[in-house]
Amino acid sequence: MPSFDDVLNAFILLSNFVLLPALTYGAQLALGALAVTLVYSILRFANFSQANNMAFGTAMTILLTGFFQSQGWTISGFPTALLVVPLAIVITTICLLLTERWVYRYYRINNAKSITVVMVSIGVMFIMGGLVQLIMGPEQQIFADGARFIWTAREFKAFSGLSEGLALKTSQLTTILLALLAVGLVFYFLQKTKIGKAMRAFSDNEDLALLSGINPDKVVRTTWLLVAILTTIAGVLFGLDKGFSPFQYHLLLLPIFASVIVGGIGSPLGAIVGAFVISFSEMLLTYAYKKFFIYLLPTALEPDSLLQLIGTEYKYAVSFVILIIVLLVKPTGIFKGKVL
Amino acid sequence: MNNLSHIWQSHRQTISILVMVFLLAFVGVNQSWVLALSIFNLCLISAIMALGVNIQWGYAGLFNIGIMGFAALGGLSVVLISAPSVPMAVSAGGMKILFALCLLLLSIVLSVYLSKHKYNKGWVVLSLVAGYFSMRYFYVDAAQAIEAVNPSKTGYLGGLGLPVPLAWLAGGLLAAGAAWLIGKITLGLRSDYLAIASFGIAEIVLYIIKNEDWIARGVKNVTGLPRPVPLEIDLQQSPWFEEMVVWFNQSSLSLLTEVEKTKALGILLREYSVVFVKLCYSGLFLAILVALIVMANLAFDSPWGRKVRAIRDNETAASAMGKNVKRQHLQIFIIGSAIVGIAGALLVTYTGQFTPNSYQSLRFTFLIWVMVIVGGSGNNFGSVIGAFFIWFFWVESTPMGLWLAETVQNFAGADNGVSAFLQERAHFLRYIFMGLIMLLVLRFAPGGILPEKDKKL
């Protein structure tokens, strides 16, 4: 039998390398997935430009961060990026409202097939992607400042006396707190406010909602506002955690869609659950369990291979496989979304 | 003005062909004929891809955004079929890896059988998990053994060493197989699921090709693939080719002295051999493109085509008449993807190398889609025209961007930030332009350059 310390060490090891990162990544995905689901249930199309919109919001944040830093408007120890997020949200909102006005509105009014609008959103995606690369260049940028860790692995070890450390990064803590806040606000908004209720009614039955005097333009504008908030926050949190490069954001498209479909397309709660299903599977399947089992198993049984289920390079493939499994087994997703 | 638009309306096809010929000739005269020919050849390959996508979109409204995945499968098959085999690697781990893959396949077949016959879901999962782990048990060693064989030159299994045209067919089949898998799962569900799933499979195919070096050397690329046309070097040394070059340049060569003549002939030979090889490819691709278009058009006018159109225009009515909509969509998705696969194989044959990193999944997929939309969705010849124009502007946009930067510089004087910025980042403007073109065409001219002709059922 392994000692209590060994079990604790194994658990801390797993938390440090899998559970905490998965929680963070899941929170980032959840915000993106929530945005996709909102667009889906109100505007009725799968928004392929979501990942690039996130990149756009982040790019605006980086520019503003640079400006604030050059002016010395910073709080020591606090990420400047978070200070400027509200401004970046305003810019992203304007940008999304412009795409709505110039692009999507026409198809909405003419009741175009949803697949045509999907195609249009791919056009928007390329314009946004091109714009971001034009402004920021293709290289990776780190824009996080302030303290990197709330506590480091070493501090944790000294504090607990264990041989494994659990580090908590600033980006991880801010991600989890901010995501909780944002999701809470969105749900409060949808459940309690008048316009939120109008949005749900519109999503449920468009004709009936129009008949009862709901202003569709107002509903759509509010949706884009919510989407802009979620998109910018998701993008900035992801960027603070992993650094900003346009291509990285582009790769997020598949996990985001997988989250939405796994959770049930059109269901906000589903999007969040789906995001965590995706993030935890990605991390759990690509982690090498060798050290974990060394703690738990007696010396005679110690493994000599890495005990990795799937190579790390297939991280993004995991979401696709889960997507396929869900489509095969339960196409409506975990929380019965809309299908057909 | 009215008159002009009338001429355009009634001669869209002729005018667009003439414009294209003029543009290519312009490049030929001002830049070089070799460049014009290589643009032309890539236009032809894009046209074949666009044709495949057009069949899916125009015939059945299927939105496939995994084009690069299917094209990569086509390219891969050129490596697998026509590259020379590496006996050392095959003996090092060929059988073992084949066995591992068979195990995986067996477990998948078993689990499909189990789930079809309503066995407990646990058994299905168990069969898959057992299959995966037993596959991995053999696979990892075998892959390492194969990759260890002369890693700088081979390090992969090699191909079968069969003739290249077979590889094109195999490329089509491989892509068709992947399309069958995706179609089977997503057709019959929401229409955007197909888009998402095809996007996913393209990414996965590319991940696998890039990371599993034993298949096709991954990102180390396979170069020097066999070609169906003669090599430039061979041409330069063959007497009949020299005679031809001399005959073409009789008048100018006769003015020179003997010494000058041999020197000039050497340069001419090199130039002509490159052009000749490119022309051979052009002929080949053109023949394939024409054959595919003729077949597609014949099919579209046949009873089969009437059924397809009936389903596209009103699914509910067609299924009420007893047509199997899902089956029809699957069929069309497979046919279109197979054509994309063939085009992918042709592309690799043309460049003579398989470079997984060059398949940037969304970028080129998007480009093909712009071609289809601009050309005229539903019109096969339209997608060819679209392919020509879009590829032409895609390639020529870099010189154009540089020209723009230069103009800005001349206009605003040297050393201003704008032109330097443009020069550095000009190629990102292409995406914005392509996106804008797509949005504008979708909105204001949904029919494209050559709209689909109305056919009476």
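This is a predicted model: local features need pLDDT of at least 70, side-chain atom pairs count only at pLDDT 80 or more; totals for chains, interfaces and linings use all residues.

Colleague: Which residues have the most contacts inside the largest nonpolar core?

Modeller: In soluble globular proteins, nonpolar side chains tend to be buried together. Here the largest nonpolar core has 226 residues, and A:Ala30, A:Leu34, A:Leu230 and B:Ile48 have the most contacts inside it. Helix H3 (residues 33-60) of chain B gives the most to this core, namely 17 residues. Another core, of 7 residues, lies apart from it and includes A:Ala10, A:Leu14, A:Leu166 and A:Tyr295.

Colleague: How many residues of chain B are in contact with chain A?

Modeller: There are 31 residues of chain B in contact with 34 residues of chain A. On the chain B side, the elements that give two or more residues are helix H7 (164-186), helix H8 (191-211) and helix H19 (417-444). That side divides into 20 nonpolar, 6 polar and 5 charged residues.

Colleague: Is B:Arg217 buried or exposed?

Modeller: A residue is buried if 20 or more other C-beta atoms lie within 10 Å of its own. B:Arg217 counts as buried because it has 25 C-beta neighbours inside 10 Å. B:Arg217 lies in the loop between helix H9 (213-216) and helix H10 (232-237) of chain B, and its phi is near 65 degrees, a positive value in a residue other than glycine.

Colleague: Where is A:Arg44 found?

Modeller: A:Arg44 is in the loop between helix H1 (4-43) and helix H2 (50-71) of chain A. Its phi, near 60 degrees, is positive in a residue other than glycine. With 15 C-beta neighbours inside 10 Å, A:Arg44 counts as partly exposed.

Methods: Residues are numbered from 1 along each chain as its sequence is written. Chains are lettered from A and ligands numbered from 1 in the order in which they are written. Two residues are in contact if their C-beta atoms, placed from the backbone, lie within 7 Å. Helices (H or I, at least four residues) and strands (E, at least two) are DSSP runs, numbered from the N terminus. Ala, Val, Leu, Ile, Met, Phe, Trp, Tyr, Cys and Pro count as nonpolar, Asp, Glu, Lys and Arg as charged, and the others, Gly among them, as polar. A residue is buried if 20 or more other C-beta atoms lie within 10 Å of its own, exposed if 12 or fewer, and partly exposed in between; C-beta atoms are placed from the backbone. A nonpolar core is a set of buried Ala, Val, Leu, Ile, Met, Phe, Trp, Tyr and Cys residues joined through C-beta atoms within 7 Å.
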